[in-house]
Amino acid sequence: MAQDIKEVSLEQLEGKLLGLGTQKYYARQIFDWIYQKGIFDFNAMSNLPAGLRKQLAQEFYILNLGVVDLQISRDKTAKFLLQLPDGNSIEAVNIPTAKRVTGCISSQVGCKYACKFCASGLGGFKRNLTSGEMLDEVLYLKNNSAVIPLTHIVFMGTGEPLDNYDAVLKVIRVLNSPQGFNIGARRITISTCGIIPGMKKLQGEDLQFELSISLHAADDKIRTQLMPVNKQYPLRELVFACAEYIAKTNRQITFEYILIKNLNSDLVAAKKLVELLRNLRLAKVNLIPANFIPEFKLAAASPEEISRFQKYLFESGVNVTLRQERGQDIAAACGQLRLKHGKA
Ligand code: SAH
């Protein structure tokens with residue numbers, strides 16, 4: 001049975017071509033056609049011999065995801081609901097700023113972690129995405145990037161990337177490779193809710209990427225309330241694993257922290273956060289004003305609360321940034337577009 005060619009790595013494709021009795025260097029040209037030029041038809045790959053094009057079309061197909069819905073914000077953030085061959089749909093988002101376009105991709109259909117602020121978990125977990133499907137998301141975003149080419153990729157769409165470990169790493173290799181998307185490792189971010197075994201595994205990879213942890217509270221009681229996964233991987237163990245990660249890789253970890261009214265945004269919470277991260281050598285905090293999702297009735301902290309929190313962290317010596325809100329008018333928080341279509 002034919003296979004989506006995006007499932008195979010460059011090395012695998014080279015091996016396949018040798019098996020077909022032809023030259024392996026064609027693999028680089030094929031990668032270039034697909035990932036650099038965005039071509040979905042072997043016949044259009046004009047520098048390949050006609051015979052090879054025919055063979056390729058028998059062995060492989062090039063999946064091209066269809067779009068079910070799209071929303072484009074006034075700030076040009078574009079959210080796409082993409083249709084998978086099995087009828088499931090996934091969200092992918094393009095977030096342009098002056099100098100960059102960040103593609104935000106999903107790693108799973110649905111999510112099993114049921115965080116209390118995130119629409120992705122509302123309908124539970126369906127399945128992992130394949131590496132080919134994730135690359136399809138990136139291709140879709142690249143081919144539909146309005147302003148400048150895609151410069152950054154974040155695994156911050158639906159799903160937990162570290163629970164789909166092998167496929168996500170395979171995708172990163174193609175994102176990173178000069179024959180693939182040629183996106184620098186510093187521009188690729190894996191975001192996790194804190195899956196410690198996955199973080200340990202990441203330390204041993206010969207790949208560079210950025211790691212973000214969705215923290216959202218520095219107090220076990222509040223974090224467990226917001227993120228049930230905290231019962232399995234509580235804060236003390238999580239921070240210990242982060243310290244180990246930093247020591248082994250010498251790379252910074254970014255802690256994502258959504259500021260929610262009356263829950264985790266007062267000065268007591270800020271103090272706890274400073275304490276929690278005190279011994280981490282390379283840590284950064286990214287504060288996020290909560291996106292309101294009707295199902296959860298959680299309100300965003302006020303601008304005054306946000307700046308007070310940020311100021312406290314800054315004055316305590318924490319490297320802190322405030323995420324600019326994007327796509328507010330198009331319900332751009334994780335999973336919201338999919339929810340609208342009753343797919344959750
Ligand atoms: N499972 C991974 C990847 C999902 S990205 C993880 O947990 O990191 C999850 C991120 O989506 C959160 O850190 C947060 O940045 C964002 N997010 C989800 N729901 C949100 C909401 N209601 N408001 C603001 N950001 C939200």
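How much area do domain 1 and domain 2 bury between them, and what share of it is on carbon and sulfur atoms? In this predicted model, local features need pLDDT of at least 70 and side-chain atom pairs count only at pLDDT 80 or more, while totals for chains, interfaces and linings use all residues. Residues are numbered from 1 along each chain as its sequence is written, and side-chain values use heavy atoms, with hydrogens and water left out.

The protein chain is divided into domain 1 (3–61) and domain 2 (66–343), with bounds that come from an automatic or database domain assignment. Between them the two domains bury about 1200 Å², 50% of it on carbon and sulfur atoms; buried area is the accessible area (1.4 Å probe) that two parts lose on being put together, summed over both. Across this interface, 13 residues of domain 1 are in contact with 16 residues of domain 2, where contact means heavy atoms within 4.5 Å. The C-alpha centres of domain 1 and domain 2 lie 33 Å apart.

Turning to the helices, these are DSSP runs (H or I, at least four residues) numbered from the N terminus. Axes are lines fitted to C-alpha atoms over the stretch in contact, and angles run from 0 to 180 degrees between N-to-C directions. Helix H1 (residues 10–19) and helix H2 (residues 26–36) have axes that come within 8 Å and cross at roughly 130°. H1 and H2 are therefore oblique to each other, the class left once angles under 35 degrees (roughly parallel), over 145 (roughly antiparallel) and 65 to 115 (roughly perpendicular) are set aside. Their crossing is right-handed, meaning that the near helix is turned clockwise from the far one by less than a right angle. Leu10, Leu13, Glu14 and Leu17 in H1 meet Tyr26, Ala27, Arg28, Ile30 and Phe31 in H2. By class, this contact has 7 nonpolar, no polar and 2 charged residues; Ala, Val, Leu, Ile, Met, Phe, Trp, Tyr, Cys and Pro count as nonpolar, Asp, Glu, Lys and Arg as charged, and the others, Gly among them, as polar.

H2 also packs with H4, at an angle of about 60° and with axes 10 Å apart, which makes H2 oblique to H4. Here Ile34, Tyr35 and Gln36 in H2 meet Leu135, Leu139 and Lys142 in H4.

H4 (residues 131–143) in turn packs with helix H5 (residues 165–176) at about 45°, their axes 9 Å apart, so H4 is oblique to H5. H4 passes H5 in a right-handed crossing.

Conventions
Helix = DSSP H or I, 4+ residues; strand = E, 2+ residues; numbered from the N terminus.
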